[in-house]
Amino acid sequence: RKPTRFHSFHTFADPGVPPSFSGAFRDNILQFLQRCAEPEDYTFEGMPIWSTFLVYDSRGIVLPLYTVEENVKHSNTPFCDYCRCSGWSHHFVSKRKYHFIIPGNDSWNGPLVDGAFELQSHLLHGLIHGNGFGHLICINGIEGGSKYIPGRDIMDFWDRICTALHVRKITLEDLSKKDKMDLRLLYGVAYGNSWFSRWGYKFFHGSFGVKEYNFDRAMDVLSSLELDQAIEDFAATDKWMQIKQIVHHYREMSSASLVTLRDLFGYLLTSKPTIMPTAASFPRRCSLKLSKTAVSSRGKPPAKCRKFSSVVANLDSRWPARRLETTAQVIVEALKRKRDQSCCLGGGMTRQEVRDAARLHIGDTGLIDHVLKVMNNVVLGNCVVERSVNRSTKVLEYVIRESRDEEYAIPAAFTGRGDASSDLDYLYRNVLLHHPDPDKAMASQIILNSKRYMKEWPFRDEDDDLLRFICRLTSSCFRFDGDVFAQVPPSEHVAVPLYSTVGDLKVAVRKALQDTYCVMEKAEAVEILGTEEMQEDEVIFGICESGEEIWVRVLGLDTTGDGGGGGGGGGGGRLLVYEAGTEKWSVECRCGAKDDDGERMMSCDVCETWQHTRCSGIEDHEPVPRLFVCEACCSSLAPATEKRFEDGF
């Protein structure tokens with residue numbers, strides 16, 4: 001249908017644009033549809049749909065925001081898989097869900113197609129339950145297929161919508177990528193957090209038993225990894241030279257000191273380094289022998305080598321420069337003696353050998369280690385000290401060369417690729433994904449297993465003539481009866497006029513609960529703790545302070561579905577109690593997982609307990625066996641089998 005109202009994409013849902021909403025989400029969404037959206041003359045799979053037309057000013061284009069109201073009682077999918085995989089299995093089923101969809105560019109001029117809820121090509125798809133808890137299902141910026149709108153602008157828009165409507169919590173599964181690199185790992189190392197953290201999303205729920213302290217520790221291990229140590233870690237591999245060249249190249253280019261992996265990754269992500277002509281013109285592992293005249297008549301080394309005095313000037317050291325230079329000279333003399341004894345120019349010494357030789361003259365081992373750390377491609381007098389791997393022993397050694405006779409290698413920093421993005425990809429796939437140190441490789445896997453993030457909006461008590469309360473139900477309201485999903489549900493936000501009575505507050509609580517949850521259709525608020533001595537017609541102003549938490553006892557609530565509260569839903573009268581659904585299942589995996597985390601699982605054919613296929617040695621591409629018995633059941637069955645054989649079976 002032809003739109004009659006237009007809104008600016010960049011300012012829509014800013015404070016006062018449209019007029020601000022002051023209630024809970026369940027009330028604000030109805031006002032939003034009335035003020036800011038227009039009903040369509042068709043339904044989407046039997047559900048009503050509204051459209052809001054947005055103008056993207058910088059490109060002069062108009063795009064639709066569709067809002068679809070899904071009534072769970074008539075839905076084919078009344079339960080929420082996103083809640084179950086986010087640890088919200090115990091949430092009561094909300095009567096209504098609201099889908100916010102900006103379709104892909106090619107679908108702006110037509111109606112939503114069947115199956116739109118399952119599509120991952122939308123520029124934006126967010127789902128919010130009537131209780132204000134929701135999920136960001138997908139977002140696609142320029143790299144995800146958007147022709148005009150970058151992902152950052154779409155996230156800004158989504159965040160403004162959630163803030164304006166007083167959303168409670170939103171979860172997301174971070175599967176975002178940059179050139180096939182997982183951003184949660186890339187940004188985690190570079191910045192210590194996810195790409196979504198700029199909008200306030202934090203670690204919420206890990207897969208394969210990953211907890212927040214595992215996640216924080218893994219972040220710290222990788223981001224604080226020193227580049228020199230990373231190079232040494234690869235000394236026995238064929239990746240050593242490539243990684244060393246890349247690191248040295250960007251250290252030369254950067255005006256700031258690049259010490260850790262975080263420094264280097266942050267530099268590569270935030271700048272566009274100029275490609276050195278010499279680097280792009282030589283293939284991998286290429287070196288060029290320069291004549292003495294090409295170096296200079298005085299034998300100065302190429303730019304890749306640095307004077308030790310310049311290195312000392314940039315060091316943040318507790319030792320004075322004079323002591324550092326003296327220690328370096330002692331190391332040079334030891335290397336010269338080793339070279340002369342070996343009767344060749346290539347005689348080198350291991351770190352321990354150099355350390356032992358220097359200790360004969362210097363007693364401070366901390367000073368020696370501090371100098372050895374920077375003794376690579378440095379010039380002292382007419383000598384160049386380098387670190388290289390001995391081809392015979394595969395051990396990293398210090399070697400010394402005369403600068404006037406040096407065979408200098410042109411550092412092929414871009415390893416034949418030609419751009420910094422390729423270098424970043426090379427470091428990502430080798431230093432992060434395939435690090436030879438098992439602990440560092442495990443740290444990367446922990447971050448990759450940390451996909452679910454969540455943002456929580458704080459409770460807002462506006463400066464107006466309404467009293468707002470955080471309403472919690474007492475545990476006496478529930479009959480758990482051993483239900484594995486049964487927990488006290490999240491609180492509800494209730495607003496009443498300034499001079500409301502105790503009875504008015506009970507009515508407001510009842511209406512809020514009945515309007516929000518299927519299981520509470522017959523619920524009655526019979527008591528507010530702290531007001532037992534008050535009459536129903538007594539004003540609560542001055543007794544209950546706005547913004548505080550109140551506890552309410554409710555009757556008529558049946559979490560077991562034995563009658564009353566549950567109510568039937570789509571699909572043959574299913575009881576709509578918990579978002580986890582009606583099936584009873586339990587998770588007990590060796591990784592520590594106790595709940596569904598969205599990863600592939602299988603159940604034991606004996607105890608029917610679920611566990612990850614990966615944790616049982618079955619890769620994601622491999623089929624699940626027809627018969628599976630978990631380790632615990634195998635252990636319990638084995639003694640019984642042995643006993644039968646002992647008895648002569």
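R468 is buried, at 4% relative accessibility. Here buried means under 20% relative accessible area, exposed over 50%, and partly exposed in between (1.4 Å probe, protein chains only). The model is predicted: local features need pLDDT of at least 70, and side-chain atom pairs count only at pLDDT 80 or more, while totals for chains, interfaces and linings use all residues. Residues are numbered from 1 along each chain as its sequence is written, and side-chain values use heavy atoms, with hydrogens and water left out.

The side chain of R468 meets that of D464 in a salt bridge, 2.7 Å from N to O. A salt bridge is a side-chain nitrogen of Lys or Arg within 4 Å of a carboxyl oxygen of Asp or Glu. D464 is partly exposed, at 31% relative accessibility, whereas R468 is buried.

V496 lies 28 residues away along the chain, yet the C-alpha to C-alpha distance between V496 and R468 is 6.6 Å. V496 belongs to strand β19. Helices (H or I, at least four residues) and strands (E, at least two) are DSSP runs, numbered from the N terminus. V496 is buried, with a relative accessible area of 3%. Leaving aside residues up to four places away in sequence, V496 touches D465, L466, L467, F469, D504, L505, A508 and I540. Contact here means heavy atoms within 4.5 Å.

Strand β19 is part of an open sheet of four strands, in the order β19-β18-β21-β20 and with mixed pairing. β19 (492-497) and β20 (524-528) stand at the edges. Each has a single partner strand, so one side of each is left without a neighbour in the sheet. From one strand to the next, the twist averages 45°. Strands of a sheet pair through backbone hydrogen bonds, either parallel or antiparallel. Strand β18 (residues 466-473) and β19 run antiparallel and are joined by six bridges. Two strands count as paired if DSSP finds at least two bridges between them.

Helix α17 (residues 502-516) lies across β18, β19, β20 and β21 (549-555). Helix α17 runs at about 140° to β20. Axes are lines fitted to C-alpha atoms, for helices over the stretch in contact, and angles run from 0 to 180 degrees between N-to-C directions.

Side chains of opposite charge can pair when their charged atoms come close. A search of the whole structure finds 32 salt bridges. Among them, D369 and R355 meet at 2.8 Å, N to O. D369 lies in helix α14 (residues 365-374) and R355 in helix α13 (residues 351-359), so the pair ties together parts that are 14 residues apart in sequence. D369 is partly exposed, at 23% relative accessible area. R355 is buried, at 18%. D238 pairs with K239, the closest N and O atoms being 3.3 Å apart. Both residues are partly exposed: D238 at 48% relative accessibility and K239 at 24%. K73, K95 and E521 are linked in a network of salt bridges.

K244 lacks such a partner. This residue is found in helix α7 (residues 240-253). K244 is buried yet has no salt bridge. The nearest side chain of opposite charge, E386, is 6.2 Å away. Lys and Arg count as positive and Asp and Glu as negative; His and the chain ends are not counted. Beyond residues up to four places away in sequence, K244 touches I231, N376 and R387.

The protein chain has 18 helices and 23 strands. Of its 649 residues, 50% are buried. Among contacts between residues at least 6 apart in sequence, 68% join residues at least 24 apart.

Mean pLDDT, the predictor's confidence in each residue from 0 to 100, is 83 for the protein chain, and 85% of its residues reach 70 or more. Among the elements, strand β6 (residues 124-129) has the highest mean pLDDT (97) and helix α9 (residues 277-280) the lowest (30). Over residues 404-418 pLDDT stays under 50, and the model has 44 contacts for this stretch beyond four places in sequence. Residues 641-646 are also below 50, with one contact beyond near neighbours in sequence. Where pLDDT is low, the predicted coordinates should not be read in detail.
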